[in-house]
Amino acid sequence: MEEIQVKIKNSFAKKYQSGFPLLIKEAIINVQDLKEEGKLVKVIDERGEFLGRGYYGRQNKGYGWILTQKETELFDEAFFHKKISTALNRRSSLYQDDSTTAFRVFNGEGDGIGGVTIDYYDGFYVLSWYSEGVYQFKELIIESLKSLIEYKGIYQKKRFDTGGKYIEEDDFVIGERGEFPLMVKENGVNFAVYLNEGPMTGIFLDQRDVRKTIRDKYAKGKTVLNTFSYTGAFSVFAAVGGARKTTSVDLANRSLEKTKEQFELNNINPDTEDIKVMDVFKYFDFAKKNNITFDMVILDPPSFARSKKHTFSVAKDYKDLIKDAIAITSLNGMIVASTNYAGFGMDKFKGFIQKAFNESGGNYSIIETFSLPEDFRTRKDFKEGNYLKVVFIQKK
Ligand code: SAH
């Protein structure tokens, strides 16, 4: 297959030599040569020395991924088969654990192919393609997967860089379509998922360890506020863990019935829990005015969000969000601050927390922190890939 040469600036050569897998615009001398997504690229330094081989594909993160640093390696059936079978083997203990039937089996660059992920939902597989470029490998990847596992059905999500708009189409690929909701389990808790309703399935699998921790260690007897609650996953785990009462707040209409559904599946009466369809920032104002406080406040906003009154961006506004939470958390209560924003690391996130407490005039201690769980495999030479940051903070 025809190959484009991508020349890397001297100042970036070391980074790529030591395994950095993402093609970024700033590092490339001849960006103008990258025209057609999916083209294979040979990556070289300014002297023409080989650095790696990969593909061109535009996604929010960059211009494509290097898939090998071995000059003779080809992207053939054997290549994909090996990557996927290695990834599946790494998850063998999760496959054997009956109490968890939804998890990630292939995590992009962490498992050796940047731009594609594969999730498992009780017999069904969901592939997410993050660029048109990686989508050219569809046949090879799906054929490898099919030859390695038994499956009921396979779905796919095209999450190409289309300016935030999801490509609406039938996501079904092959096998049985299945019936939705599909019931899955996570650490013994039931969850209803929908594999053919846009980009999200109802559960964010990367928070598994955090949900378990809330249930097993912190929820008992507590009042819990779950902001940006989506389908209420954190609320359900808190309730199962014996929370006195949960309050879930999300402005999407669908969140009400979906959250009820998750409670019911776990024999929790949704009428005794609070589910509010409203702007989180309005809810903070309401709670402050009425002196409502909580023993635990969970913050897990999207990286960017626009509501009628507010534009929220994690990078600019997280500190203020924590201040809002501090104001309505009881003394010795817990704030669970989470973000999936890849643009900064744990240190900077902890800096926001410190600043928020300084400005609010209070003390705190960090009780525990989380990043991505084991099945969301990451690599040392690409720290940005470990995007999840969760901090359990006790207000003192
Ligand atoms: N914490 C959730 C996932 C959050 S997804 C979980 O663990 O499952 C982000 C959610 O934030 C979406 O459901 C979206 O509707 C909601 N959202 C975005 N802006 C909001 C706002 N200003 N107020 C309330 N909810 C908001």
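I began with V126 and found its bridge partner in strand 8, Y155. The model is predicted, so I kept to its rules: local features need pLDDT of at least 70, side-chain atom pairs count only at pLDDT 80 or more, and totals for chains, interfaces and linings use all residues. Residues are numbered from 1 along each chain as its sequence is written, and side-chain values use heavy atoms, with hydrogens and water left out.

Next I followed the pairing on either strand. Strand 7 (residues 124–129) runs parallel to strand 8 over 6 bridges; strands pair if DSSP finds at least two bridges between them. Strand 9 (residues 172–175) pairs with strand 8 in the antiparallel sense over 3 bridges, and there I154 has I174 as its bridge partner.

Is strand 8 buried or exposed? I found 6 of the 6 residues of strand 8 (residues 153–158) buried, so the strand is largely enclosed by the rest of the structure. Buried here means under 20% relative accessible area (1.4 Å probe, protein chains only). I checked both faces, and both are covered: G153, Y155 and K157 on one side, I154, Q156 and K158 on the other.

Then I turned to helices (DSSP runs of H or I, at least four residues; strands are E, at least two). Helix 10 (residues 314–327) packs with helix 11 (residues 346–360) at about 45°, axes 9 Å apart; axes are lines fitted to C-alpha atoms over the stretch in contact, with angles from 0 to 180 degrees between N-to-C directions.

Definitions and conventions:
Buried < 20%, exposed > 50% of the residue type's maximum accessible area, 1.4 Å probe, protein only.
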